[in-house]
Amino acid sequence: MDDPVSSEATVLGLDNIPLDLPIAGAGSRVLCAALDYLIVGILVVVWGAGCIAMGVMARKPWWAVALFLVGFFLIEYGYFAGVEIAREGQTFGKWALGLRVVTRDGARPGTAALLLRNVVRIVDMLVGVPLMATDPLARRLGDRLADTLVIHTHAPPRETVARRTPAGWDAEDAAVLETFLRRAPDMESGRAERMARDLLDTIRSDDPALAEHIDPALEPVQALRQIVEGG
């Protein structure tokens, strides 16, 4: 099967990501961050109380403020980067929700990648959610810089949707088709329709007999789903 769309225009092969990685969406990522920041908040409160006590004892309030700010950065950055390194891509929040940081091919990320993805965490507190919500792979800025993804460690059971495929298509081609149909509801409608049209054009080229069953009255994604599900 010829590639119907370029790798820049489709999540089927976007950045050469394996198709079956169970990408964690923005919702689970936000909940995970809330759990982690609860832990960070407790640590910061304890550190702040210690700084106040030291400032009162030393009678150097500005010194205590400076010490608190340095400690706040070390706690916030050190918790996320340090725990992810120690726990192979999982903070305690990620562990609680069954998430893990991986490389683009699903492997364990190196120390440098985990350090890099957390450098811009403060920026991601402002732009991270919009970036994840609009990206098919739910990547925040740190993920893009470090070439990482966050996935579910326990993927839901895989549903086989391609009950019929064009003549000559192999198992890999069918997997591409199934992956698109699973992800289409979560994609931007315009991109999903473009990809569906390209796949329908490929079916028309590869198997004209099967293409006769394409319903022109349906939207591209619906037409593609109907024809491969045997509806």
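**Close-up views of a predicted model**

Threonine 103 counts as buried, at 18% relative accessibility. The coordinates shown in every view belong to a predicted model.

Figure 1. Threonine 103 falls in the buried class because its relative accessibility is 18%, and buried means under 20%. When residues up to four places away in sequence are not counted, threonine 103 touches Arg108, Pro109, Asp147 and Leu149. One of these contacts, Asp147, is the subject of the next view.

**Figure 2. Aspartate 147 in the loop between α6 and β2.** Helix α6 spans 141-146 and strand β2 spans 148-152, with aspartate 147 in the loop between them. The backbone phi angle of aspartate 147 is near 60 degrees, a positive value in a residue other than glycine. Aspartate 147 has a relative accessible area of 34% and is therefore partly exposed. Aspartate 147 is also among the residues touched by threonine 103.

**Figure 3. Glutamate 88 in the loop between α2 and α3.** Glutamate 88 is placed in the loop that lies between α2 and α3, the latter covering 92-97. Here too phi is positive in a residue other than glycine, with a value near 55 degrees for glutamate 88. The relative accessible area of glutamate 88 is 40%, so this residue is partly exposed.

**Figure 4. The packing of helix α2 against helix α4.** Two packed helices are described by the angle between their axes and the distance between the axes. Helix α2 consists of residues 61-86 and helix α4 of residues 111-119; their axes come within 9 Å and cross at roughly 155 degrees. The two helices are therefore roughly antiparallel. The crossing in which α2 passes α4 is right-handed. From α2, the residues Tyr77, Phe80, Ala81, Glu84 and Ile85 take part, and they meet Thr111, Leu114, Leu115, Arg117, Asn118 and Val119 in α4. By class, the residues of this contact divide into seven nonpolar, two polar and two charged.

**Figure 5. Isoleucine 85 at the contact of α2 with α4.** Isoleucine 85 belongs to helix α2 and is one of the α2 residues that meet α4. Its relative accessibility is 32%, and isoleucine 85 therefore counts as partly exposed. Apart from neighbours within four places in sequence, isoleucine 85 is in contact with Thr111, Leu114 and Leu115. Isoleucine 85 and leucine 114 are 29 residues apart along the chain, and their C-alpha atoms are separated by 6.6 Å.

**Figure 6. Threonine 111 in helix α4.** Threonine 111 is found in helix α4 and is among the residues in contact with isoleucine 85. With a relative accessible area of 45%, threonine 111 is partly exposed. From C-alpha to C-alpha, threonine 111 and glycine 89 are 9.5 Å apart in space, while in sequence they are 22 residues apart.

Figure 7. Ala113, Leu114, Arg117 and Asn118 are the buried residues of α4. Viewed down the axis of α4, these buried residues fall within an arc of 125 degrees, so they line one face of the helix. An α-helix has 3.6 residues a turn, so residues three or four places apart point the same way. Ala112 and Val119 are exposed residues carried by the face of α4 turned away from its buried side. Val119 is also listed among the α4 residues that meet α2.

**Figure 8. The packing of helix α8 against helix α10.** Helix α8 (residues 189-206) and helix α10 (residues 220-229) have axes 8 Å apart and pack at an angle of about 45 degrees. This angle makes α8 oblique to α10. The crossing of the pair is left-handed. On the α8 side the contact is made by Ala192, Glu193, Ala196, Arg197, Leu199, Leu200 and Ile203, and on the α10 side by Pro220, Val221, Ala223 and Leu224. The residues of this contact divide into nine nonpolar, no polar and two charged.

**Figure 9. The protein chain as the setting of the views.** The protein chain contains 10 helices and two strands. Read from the N terminus, its elements run α-α-α-β-α-α-α-β-α-α-α-α. Of its 231 residues, 41% count as buried. Among contacts between residues at least 6 apart in sequence, 66% join residues at least 24 apart.

Notes: Residues are numbered from 1 along each chain as its sequence is written. This is a predicted model: local features need pLDDT of at least 70, side-chain atom pairs count only at pLDDT 80 or more; totals for chains, interfaces and linings use all residues. Side-chain values use heavy atoms; hydrogens and water are left out. Axes are lines fitted to C-alpha atoms, for helices over the stretch in contact, and angles run from 0 to 180 degrees between N-to-C directions. Helices (H or I, at least four residues) and strands (E, at least two) are DSSP runs, numbered from the N terminus. Angles under 35 degrees count as roughly parallel, over 145 as roughly antiparallel, 65 to 115 as roughly perpendicular and the rest as oblique. A crossing is left-handed if the near helix is turned anticlockwise from the far one by less than a right angle, and right-handed if clockwise. Contact means heavy atoms within 4.5 Å. Ala, Val, Leu, Ile, Met, Phe, Trp, Tyr, Cys and Pro count as nonpolar, Asp, Glu, Lys and Arg as charged, and the others, Gly among them, as polar. Buried means under 20% relative accessible area, exposed over 50%, partly exposed in between (1.4 Å probe, protein chains only). The arc is that of the directions from the helix axis to the C-beta atoms.
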